[in-house]
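Open your viewer and get ready to select. Here is a short tour, one stop at a time.

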Number of protein chains: 2
Amino acid sequence: MINIAVLGYGTIGSGVVEVIDRNNSSIDGKTGDNIRVKHVLDLRDFPGDRVESILVHDFDIILNDPEVKIVVEVMGGVEPAYTFVKKCLLAGKSVCTSNKELVAAHGPELIKIAKDKSINFLFEASVGGAIPIIRPLCSSLTADRILEIKGILNGTTNYILTQMDVEGWDFDRALSKAQELGYAERNPEADIEGYDACRKIAILSSLAFGKSVNYEDIYTEGISKITATDIKYAGKMDCKIKLLASSENIDGKYYAMVAPFLVKSSHPLSGVSGVFNAIFVKGSEIDDVMFYGSGAGKLPTACAVVADVVDAARHLNENIQTIWSEEGLELTGSENATRRFFVRVFGKRSECENRIKEEFGAVDFIEIPEDTDGFGFVTPALAEKSFDAHLANIPNVSGRIRFE
Amino acid sequence: MINIAVLGYGTIGSGVVEVIDRNNSSIDGKTGDNIRVKHVLDLRDFPGDRVESILVHDFDIILNDPEVKIVVEVMGGVEPAYTFVKKCLLAGKSVCTSNKELVAAHGPELIKIAKDKSINFLFEASVGGAIPIIRPLCSSLTADRILEIKGILNGTTNYILTQMDVEGWDFDRALSKAQELGYAERNPEADIEGYDACRKIAILSSLAFGKSVNYEDIYTEGISKITATDIKYAGKMDCKIKLLASSENIDGKYYAMVAPFLVKSSHPLSGVSGVFNAIFVKGSEIDDVMFYGSGAGKLPTACAVVADVVDAARHLNENIQTIWSEEGLELTGSENATRRFFVRVFGKRSECENRIKEEFGAVDFIEIPEDTDGFGFVTPALAEKSFDAHLANIPNVSGRIRFE
């Protein structure tokens with residue numbers, strides 16, 4: 001029998017208990033032992049609930065229980081999760097978490113403690129929900145040099161962008177619907193401003209490149225400025241607007257970015273809709289590999305956590321995953337990245353057409369009936385730095401979106 | 001230093017040596033030790049080649065070398081691969097293989113020997129080339145009950161079907177081109193008759209359901225009867241024809257099949273073209289997860305083999321993957337599976353329309369200008385057994401394809 005404890009009985013925590021209860025015999029078969037939830041930590045009481053008799057309010061009961069070998073942390077947020085997880089690891093208990101804030105902020109330190117103690121700190125559920133991506137990066141793609149990771153890593157924003165496209169809604173209405181359905185928090189900032197995707201691409205990049213990427217170094221732009229009219233322009237250009245998180249290794253220089261992009265409809269990522277996530281990985285030898293699935297949700301995420309519990313239980317005294325060192329990875333700014341840009345301008349095209357051509361050369365102008373106050377244009381490929389300098393000379397610019 | 005030996009210096013074998021040479025430092029970093037190819041076994045000589053000095057013709061040199069801890073088997077075919085692999089495992093050497101014939105025929109026995117010896121028998125490269133699918137099934141999806149696996153598992157047939165669709169070629173021309181490009185063997189039977197896909201779905205089903213699926217029990221139909229006219233009909237119905245390998249767990253009964261299917265263009269598998277593979281996995285909690293990538297090719301497959309070598313090197317004296325028992329899994333015949341069928345008939349529609357309606361009820365008739373000798377129709381959903389019985393009463397049937 002292997003005793004585990006669950007820190008936090010919210011959505012994911014109750015899902016973890018439910019998955020272990022429901023798939024008990026198959027999980028035990030795969031573990032080769034019996035997994036039992038001995039304690040659940042939460043500040044609240046849950047009278048009548050399945051966990052009522054095993055609920056504790058005091059973390060020290062779990063920390064000091066020598067029978068507890070694996071701790072599941074699904075509280076979210078950096079504190080008190082960080083303090084609790086670190087204490088558990090130092091006490092020789094493996095930890096499985098779905099908490100990307102924790103992993104992005106303190107991953108390398110916690111990974112190192114687990115390695116030193118010959119136990120495990122596993123976090124498959126922190127990126128991509130049910131999609132297996134952490135383990136493939138650590139164990140399946142180890143023979144190749146990874147050149148690029150690019151993905152839709154946030155289900156909430158992808159749902160909002162999909163609804164704006166399919167239903168023609170504006171941003172606020174799509175966000176309200178996402179909140180109503182429980183896809184977005186009441187304070188949606190972490191999702192819509194790209195912070196969540198930023199932490200996730202920092203985690204994936206650290207694993208892919210083997211050194212610690214500081215999420216604060218990643219240029220991050222959200223989708224809150226995307227309008228229904230932008231979506232109409234995208235349709236006219238046979239594109240979808242997607243919030244992409246990406247990182248690249250170009251000749252030993254590393255780049256990372258989170259921003260909305262115009263993605264051609266022929267690109268597989270353009271077809272990823274609703275709360276689904278997808279992650280492309282490009283290796284020097286393996287070419288593109290893509291992973292796709294439900295990026296969030298109670299039970300999919302809980303299954304990813306429990307799979308980590310099974311792995312930790314199979315390797316109680318052996319560290320299985322440490323290819324991310326504490327050494328920092330320096331990111332190069334994206335000012336030299338070359339791409340095309342879509343720009344929207346208020347006013348009459350005839351009044352600024354010459355000025356735009358002077359600045360950008362051979363642009364493609366685009367007009368749609370839905371934009372009665374302005375027009376759009378697409379620049380040739382040019383460096384971000386150069387684009388910004390030229391754009392500053394154009395009056396009445398109302399927005400710009402990068403092309404993938 | 002960890003010494004390995006490579007059995008077979010063909011396409012994959014030379015790829016394995018090349019990947020280890022080229023990505024040496026990153027592979028060693030991920031292994032935590034230095035991996036060295038000590039012997040390469042082949043009947044041929046390779047004068048001037050990088051492996052000339054380490055080439056051996058006698059398998060016993062490898063078997064009796066106590067320094068060799070991991071053996072890579074990339075000869076293909078059941079014999080002598082089976083004899084060699086079994087001897088290596090019994091001698092305490094871990095084995096990594098890309099050989100799906102070997103795994104489908106003797107997987108459970110070899111898995112059990114590895115488990116008994118606390119070593120590893122790994123075969124990520126046997127299915128899906130560079131796509132990580134074996135390891136996710138064994139380690140990432142362990143918390144969920146898997147209900148269905150459905151995939152495009154053979155790159156050669158997918159290339160042929162793609163060329164027939166895009167270029168309008170007939171089957172023979174597309175096959176010749178595939179042979180010219182090295183995608184198809186001179187004797188293409190294993191690919192085009194579905195035998196290769198059949199072995200691969202047997203392996204995936206055994207892993208997903210935990211018991212041994214005998215590939216000889218799987219109903220298997222290839223693509224050699226698919227004509228250019230069939231592809232035109234598919235286009236008219238907004239479908240692609242794809243060779244799908246699938247298995248399902250429906251209320252504790254297990255079904256498996258390999259056959260060409262009409263796949264609606266809105267289905268993600270319809271967009272998988274050329275030599276690419278894709279695999280859908282449906283769990284009871286996680287919903288659909290999809291894996292996509294290059295399904296074959298020298299370096300992608302070699303990378304999958306070398307990733308297994310890294311994993312075996314990290315776990316030299318510990319068995320890490322044994323969730324497939326020797327116990328057989330009984331498959332239920334697909335005669336009760338319910339689906340729609342597309343049928344082609346020689347002759348004039350007016351002459352057999354009433355007969356067809358009598359047998360099948362409300363069918364949809366389809367005519368295309370390219371089929372000057374006949375017409376097609378689509379049945380309502382009905383059991384395969386019932387479809388066969390009714391079809392026997394229709395004269396001049398020239399073919400039928402299932403709908404996904």
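**Stop 1: a residue facing its counterpart**

Select A:Phe291. Its bridge partner in S12(B) is B:Phe291. Now show the whole of both strands. S12(A) and strand S12 (residues 287–294) of chain B run antiparallel and are joined by five bridges. Strands here are DSSP runs of E with at least two residues, helices are runs of H or I with at least four, and numbering starts from the N terminus. Two strands pair if DSSP finds at least two bridges between them.

A word on the model: it is predicted, so local features need pLDDT of at least 70 and side-chain atom pairs count only at pLDDT 80 or more, while totals for chains, interfaces and linings use all residues. Residues are numbered from 1 along each chain as its sequence is written, and chains are lettered from A and ligands numbered from 1 in the order in which they are written.

**Stop 2: where the chains touch**

Select both chains. How many residues of chain A are in contact with chain B? The count is 40, and they meet 40 residues of chain B. Contact means that C-beta atoms, placed from the backbone, lie within 7 Å.

Colour helix H2 (24–31), helix H6 (134–140), strand S12 (287–294) and helix H12 (298–314) of chain A. Each supplies at least two residues of the side that touches chain B. S12(A) gives the largest share, eight residues.

**Stop 3: a sheet in chain B**

Move to chain B. Six strands form an open, parallel sheet in the order S3-S2-S1-S4-S5-S6. Strand S3 (55–56) and strand S6 (121–122) stand at the edges with a single partner strand each, so one side of each has no neighbour in the sheet.

Finish on strand S2 (residues 35–41) of chain B, which pairs with S3(B) in the parallel sense over two bridges. Select B:Val40: its bridge partner in S3(B) is B:Leu55.

Definitions and conventions
Contact = placed C-beta atoms within 7 Å.
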